[in-house]
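Work through the exercises below with the model open. Each task comes with a stepwise solution.

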Amino acid sequence: MTGQMMPDRPPRPFRIPKKIAMINDIAGYGRCSTTVSLPIISAMQVQVCPVPTSIFSNHTGFPVHFMHDCTDILPEYLEKWRELELTFDGIYCGFLGSVTQIGIVKDFLASQTGNAGHSRISADGKRPIVILDPVMGDHGRAYRTITPQHCEEMKELLTMADIITPNITEACLLTGAAYRESGWTAEELKELTEKLHSMGPDKIVITGMQDGDDFVNFISVKKESEELPDCSNSYCCGCCRMHIAGESRPGTGDIFASVIAADAVNGVDFFQSVEKAAGFVRICTQASSELDIPREQGVCFENFLYMLV
């Protein structure tokens with residue numbers, strides 16, 4: 001054999017990877033959902049255990065697509081995990097296509113976190129961290145499949161989440177606030193996150209707001225869970241600002257939430273994790289524009305996975 005030999009071990013400490021159960025759809029083409037989450041989380045030395053909610057030939061931004069709804073298989077799929085008494089360090093939940101799927105996921109989360117009277121404890125003796133990306137809409141509009149009942153059930157799911165990563169549209173849908181694309185003040189965002197905290201989650205980042213030439217992510221964390229610089233009342237707030245680089249593309253929210261999820265189970269400070277996720281999305285988006293990759297093909301992240309190790 002010729003050529004450079006692979007190193008004997010990875011550069012970071014050699015350890016058993018944490019495990020995340022990832023509940024999300026799969027899009028075969030277009031770089032979104034599980035297609036981007038699996039390699040990103042794996043690059044961050046976390047094992048991904050997928051739970052497919054839907055299977056798409058490609059994401060819905062293309063002129064045509066095939067879609068298979070996995071609702072009918074989810075109960076038996078997850079029941080086998082229960083029978084095996086499988087445990088996870090984290091549970092990352094993304095796209096749920098129906099109210100029925102939300103109910104199935106609620107039952108699974110209850111069995112894993114102890115809300116059903118018992119819990120599956122991970123190898124380190126802790127309950128799994130629940131990361132919820134409440135995928136419901138963007139640019140001020142709910143997606144076609146999102147009904148008022150879906151939104152109400154999603155609020156119930158928030159009661160079981162530790163971390164949520166809504167965009168500003170989803171934050172407004174969940175709280176009943178009037179949407180606007182830009183011009184949000186810090187006080188308004190604090191009020192919005194306080195309403196979301198009251199539904200359950202300890203850590204919140206509202207993503208992707210535009211302010212001039214910058215994208216802004218607003219962070220709010222309950223004091224007892226983690227300290228952040230600007231503390232008032234029961235919450236610590238922070239703001240992550242990144243200069244816009246390249247056009248908006250499908251899959252950036254999935255990339256962002258995947259970095260947050262992997263960092264969460266690896267014990268990384270939440271504010272640092274948001275900075276990392278936003279910076280990674282910016283680098284990949286800028287490269288995608290420079291390479292003239294068509295927008296519907298998503299974000300070229302493969303060249304930069306090494307930055308997450």
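**Exercise 1. The whole chain**

What is the accessible surface of the protein chain, and what percentage belongs to carbon and sulfur atoms?

*Solution.* Keep in mind that this is a predicted model.
- Step 1. The accessible surface comes to about 14500 Å².
- Step 2. Carbon and sulfur atoms account for 53% of that surface.
- Step 3. Turn to burial: 50% of the 309 residues are buried.
- Step 4. Count the elements: the chain has eight helices and twelve strands.
- Step 5. Look at contacts between residues at least 6 apart in sequence. Of these, 68% join residues at least 24 apart.

**Exercise 2. Strand 4 and its partners**

Determine which way the residues of strand 4 point, and find the strands that pair with strand 4.

*Solution.* 
- Step 1. Strand 4 spans residues 90–93.
- Step 2. Apply it. Gly90 and Tyr92 point one way, Ile91 and Cys93 the other. All four of these residues are buried.
- Step 3. Take one partner, strand 1 (residues 18–27). Four bridges join strand 1 to strand 4, and the two run parallel. In this pairing Ile20 stands opposite Gly90.
- Step 4. Take another partner, strand 5 (residues 129–132). Four bridges join strand 5 to strand 4, again in a parallel arrangement. Here Tyr92 stands opposite Ile131.

**Exercise 3. Helix 2 against helix 3**

Classify the packing of helix 2 and helix 3, then describe their contact.

*Solution.* 
- Step 1. Locate the pair: helix 2 covers residues 74–83 and helix 3 covers residues 99–113.
- Step 2. Read the geometry. The angle is about 5°, and the axes are 10 Å apart.
- Step 3. Compare with the cut-off: angles under 35 degrees count as roughly parallel. Helix 2 and helix 3 are therefore roughly parallel to each other.
- Step 4. List the contact. Helix 2 brings Leu74, Pro75, Leu78, Trp81 and Arg82. Helix 3 meets them with Gln101, Ile104, Asp107, Phe108 and Ser111.
- Step 5. Sort the residues of this contact: six are nonpolar, two polar and two charged.

**Exercise 4. Helix 5**

How many residues of helix 5 are buried, and what do they pack against?

*Solution.* 
- Step 1. Helix 5 runs over residues 168–175 and is mostly covered, with seven of its eight residues buried.
- Step 2. Name the buried ones: Ile168, Thr169, Glu170, Ala171, Cys172, Leu174 and Thr175.
- Step 3. Find the helices they pack against: helix 4 (148–158) and helix 6 (186–197) are among the neighbours.

**Exercise 5. Phe270 and Asp292**

Is Phe270 buried or exposed? Is Asp292 buried or exposed?

*Solution.* 
- Step 1. Use the cut-off: buried means under 20% relative accessible area, exposed over 50%.
- Step 2. Phe270 has a relative accessible area of 3%, so Phe270 is buried.
- Step 3. Check one distance. Phe270 and Ser220 are 50 residues apart in sequence, yet 9.7 Å apart in space, C-alpha to C-alpha.
- Step 4. Asp292 is in the segment after helix 8. Its relative accessible area is 65%, so Asp292 is exposed.

**Exercise 6. Backbone phi**

What is phi of Arg31, and what is phi of Asp292?

*Solution.* 
- Step 1. Start from the general rule: most residues other than glycine have a negative phi.
- Step 2. Phi of Arg31 is near 55°, a positive value. Arg31 sits in the loop between strand 1 and helix 1 (34–43).
- Step 3. Phi of Asp292 is near 60°, also positive.

Definitions and conventions
Residues numbered from 1 in each chain as written. Predicted model: local features only at pLDDT ≥ 70, side-chain atom pairs only at ≥ 80, totals over all residues. Heavy atoms only, no water. Buried < 20%, exposed > 50% of the residue type's maximum accessible area, 1.4 Å probe, protein only. Pairing = 2+ DSSP bridges. Contact = heavy atoms within 4.5 Å. Areas by Shrake-Rupley, 256 points an atom, 1.4 Å probe, with all protein chains shown as cover. Axes fitted to C-alpha atoms, helices over the stretch in contact; angles between N-to-C directions. Parallel < 35°, antiparallel > 145°, perpendicular 65-115°, else oblique. Nonpolar A, V, L, I, M, F, W, Y, C, P; charged D, E, K, R; others polar.
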